[in-house]
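Welcome! Please take a look at the sequence and the structure first.

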Amino acid sequence: MIRISDKVFTAILSAVSAIAVGYVPVWVARINAGKPPTKTDEIKRLKRENERLKKENEKLKKRGE
């Protein structure tokens, strides 16, 4: 069996941990990017769009169109 010192093992473990911390959020973002929006996300988007259209409608009314 190969014997490695505690320092070498700790260094390898630290390197793997650092790589994982850097890449895991990227993987999660890629996974979530392919999912369809949830009901609440869709509701929020529609509310924002509704507010934007209301403001646009008010501007048009003020201009007399």
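**Salt bridges along a helix**

Arg 45 and Glu 49 sit 4 residues apart in helix H2, which is about one turn of the helix. Helices here are DSSP runs of H or I with at least four residues, strands are runs of E with at least two, and both are numbered from the N terminus. This is a predicted model, in which local features need pLDDT of at least 70 and side-chain atom pairs count only at pLDDT 80 or more, while totals for chains, interfaces and linings use all residues. Residues are numbered from 1 along each chain as its sequence is written, and side-chain values use heavy atoms, with hydrogens and water left out.

**The helix itself**

- Helix H2 covers residues 39-63.
- From its first C-alpha to its last, H2, with 25 residues, reaches 36 Å, close to the 36 Å expected at 1.5 Å a residue; the expected span is 1.5 Å times one less than the number of residues.
- After H2 comes Gly 64, with a positive phi near 85 degrees.

- A salt bridge (a side-chain nitrogen of Lys or Arg within 4 Å of a carboxyl oxygen of Asp or Glu) joins Arg 45 to Glu 49, and their closest N and O atoms are 3.1 Å apart.
- Arg 45 also meets Glu 42 in a salt bridge, at 2.7 Å from N to O.
- Glu 42 and Arg 45 are 3 residues apart in H2, again about one turn.
- Together, Glu 42, Arg 45 and Glu 49 are linked in a network of salt bridges.
- An α-helix has 3.6 residues a turn, so residues three or four places apart point the same way.

**Another pair in H2**

- Lys 54 and Glu 51 form a salt bridge too, with 3.8 Å between the closest N and O atoms.
- These two residues are 3 residues apart in helix H2, separated by about one helical turn.

**How exposed are these residues?**

- Glu 42 is partly exposed, at a relative accessible area of 27%; buried means under 20%, exposed over 50%, and partly exposed in between (1.4 Å probe, protein chains only).
- Arg 45 is partly exposed at 35%, and Glu 49 is partly exposed at 31%.
- Lys 54 counts as partly exposed at 45%, as does Glu 51 at 41%.

**The total**

- By the salt-bridge rule, the count comes to 4.
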